[in-house]
Amino acid sequence: MSIEKKSVYRVQGFTCANCAATFEKNVQSLPKVDKAQVNFGASKLTVYGEASIPDLEKAGAFEGLKVYPEKEKREVERVPLWKRKETMTSVLSALLIIAGYVVGKENSLGLVLFGLAIVVGGYELFIKGFKGLVRFNFNMNTLMTVAIIGAAVIGEWAEGAIVVMLFAISEALEKFSMEKARQSIRSLMGVAPKEATIRRGTQEMQIPVDDIQIGDIMIVKPGQKLAMDGKVIKGNSAVNQAAITGESVPVAKTAGDEVYAGTLNEEGLLEVEVTKRVDDTTIAKIIHLVEEAQAEKAPSQAFVDRFAKYYTPSIMLVAFGIAVIPPLLFNGDWSKWIYEGLALLVVGCPCALVISTPVSIVTAIGNAAKNGVLIKGGVHLEETGKLSVIAFDKTGTLTKGVPAVTDIVMLNGQDEQEFLGIAAGIEKWSQHPLASAIVRKADEANIRLTRWEAQDFSSITGKGAKAVVQGKTYYIGSPRLFEELLQGGLNAQLSDQIESLQKQGKTVMVLGTEQEASALIAVADEVRESSRAVIRKLHDLGVKRTIMLTGDNKATGEAIGKQVGISEVKAELLPQHKLEAIKDLKNSDHVGMVGDGVNDAPALASANIGIAMGGAGTDTALETADIALMADDLNKLPFTIKLSRKTLHIIKQNITFSLVIKAAALALVIPGWLTLWIAILADVGATLLVTLNGMRLRKVRG
């Protein structure tokens, strides 16, 4: 079985989505190419098969495209708008038109000046247009070429020149706006340094990131950015992770903690063991996934592309009909109706319609990435705005996922510190998740466990543990353990205290001996500070139902649900039950599922939109979810829904506006009022307005 060779290239010079589609078709037709994919949003080309760079550039010669391998990582030259070739030709064309009007429209010198304006402003347009005509590829360049040459043939040199100039301005603005939309991704590419200080043996050296190996020790001074992902092996500092998570509050880092390329070391010196190659870092994966997302067509964009495929040839046929039918059948004036047909060609140009969706999608996905939200495609961006029900996993999503001691209730008036020490001395040897909470509590209280050394530790499966501390046998475990241990079980007052704590969503452990219960220790997975505010914001945004899916007991689930303001709780669920719950909800609603992307992966995959938290720390979350919140908190969820709805709104505005302007201009054909002036102004105006409207998505904030 042969394996297709895959090569990825960067492309410079795209001016429009139509040109990208033509380039893809041209590359696809190369002899040794099996498949080609062009990502217009990211300016990338993926080739399956074999093709040389000269072959690829020849396929893009109609647009003057330049191609280079992705791994070369060339800096994109940012040329100011006023210095660009297309701007200069537009300005020169405009000056020639003004000179033509000064000399006089009927003067032969004036006609020469208008002719020069057409050649200067439309030279590249004509090359593309003629190539399209020869291949029967009726795109916007073909429409414009026919219209301008037709205008010159019937003696409308001045108007033909104005059409050329305004179309050139429209193309320049479209190209400039797409570059602006892509800048959010370029800014991510520049986040991580290209070199790092590496220590090998006793030597410290500056090394390019491509040469850094897994296991190298990276030295990061205060104020420096990290060049690679890794694990801190020495030092303490606060690291600003805004480039990855969108959160600018620095996070404390010490030995054993993970750090990411592109983040800023603010305070102390860190020594970091590199854990990933440069192409596998979290920031590299984010860039790759965002670029892939921009290539994936949203439903609205797919509709526009299908529409434009039939729309452009139809416009040419209608324009031809308008030019010849009235003179042939109704004795109309040939010059007048050819002029109307040419004007229709100009107004029928689908520039605004074709650009209306990609500029919005690319801008929105780029803005989300800068704010710590990874949206993996236009389809997911659009679907998020339609969510009416959002289900949450409890542990690690609504709660911190780290149990903590919340209450210590002494039953016989003994010293709390002493019994916390005894409990921690026993639990130090336990593997149970709740045991670590008691050990942490003792550590926070500065209790030295050497005083409470446990001997003869043994685990009592499913119930607790026992050990000898200072010559006395102590037990710690569930209330059920002490029901069996104590003669007569737990008294009514103690049972009421335990039940009261359980109703608050806490897990209760009892500490004591065979003769008496000495203390109650309540442990809970603490609710995140942001959870309640986020749930309220979601309801304010119009999300009808919020549901918590948890494997925990009903009392704990309902207590936490009440605490965060969630509207419905489904408790005691195994992963397959969570999956079934999502499927049931999907029967009547658009459902989003929020989890950590690991143990709830089936439910995330089943939901209309799967949203994983803490994407910066887990590759699984980046790969399995439709959307990943890079920071380990929910604050970006309302922002994501708001951005999605705004994007949907703007796309609908753009498509409607493009079609309404076309329809209004077409209506002027009937009384014969449509001029080339009106036609080109309608086209340029529509393109400019939909582009600027789409760019507004850069301003949406959380």
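Colleague: Is tyrosine 101 buried, partly exposed or exposed?

Modeller: Tyrosine 101 counts as partly exposed, because its relative accessibility is 35%. Buried means under 20% relative accessible area, exposed over 50%, and partly exposed in between, with a 1.4 Å probe and protein chains only. This is a predicted model, in which local features need pLDDT of at least 70 and side-chain atom pairs count only at pLDDT 80 or more, while totals for chains, interfaces and linings use all residues. Residues are numbered from 1 along each chain as its sequence is written, and side-chain values use heavy atoms, with hydrogens and water left out.

Colleague: And phenylalanine 114, buried or exposed?

Modeller: Phenylalanine 114 counts as buried, at 0% relative accessibility.

Colleague: How many aromatic pairs does a search of the whole structure find?

Modeller: The search finds two aromatic pairs. In one, the rings of tyrosine 101 and phenylalanine 114 have centres 5.3 Å apart and planes at 75°, so the pair is edge-to-face. Tyrosine 101 is in helix α3 (residues 85-103) and phenylalanine 114 in helix α4 (residues 108-134), 13 residues apart. For the terms, rings of Phe, Tyr and Trp (its six-membered ring) pair if their centres lie within 6.5 Å; planes under 30 degrees apart count as stacked, over 60 as edge-to-face and the rest as tilted. Helices (H or I, at least four residues) and strands (E, at least two) are DSSP runs, numbered from the N terminus.

Colleague: What is the geometry of the pair of phenylalanine 419 and tyrosine 474?

Modeller: That pair is edge-to-face as well, with 6.3 Å centre to centre and 85° between the planes. Phenylalanine 419 lies in helix α15 (residues 416-427) and tyrosine 474 in strand β19 (residues 472-477), so the pair ties together parts 55 residues apart in sequence.

Colleague: Are those two buried or exposed?

Modeller: Phenylalanine 419 is buried, with a relative accessible area of 7%, and tyrosine 474 counts as buried at 7% relative accessibility.

Colleague: Changing topic, which helix holds lysine 562?

Modeller: Lysine 562 lies in helix α20 (residues 554-564). Lysine 562 is exposed, with a relative accessible area of 71%.

Colleague: How far apart are lysine 562 and glycine 505?

Modeller: They are 57 residues apart in sequence, and 10.0 Å apart in space from C-alpha to C-alpha.

Colleague: Back to helix α3: is isoleucine 98 buried or exposed?

Modeller: Isoleucine 98, which is found in helix α3, is exposed, with a relative accessible area of 51%.
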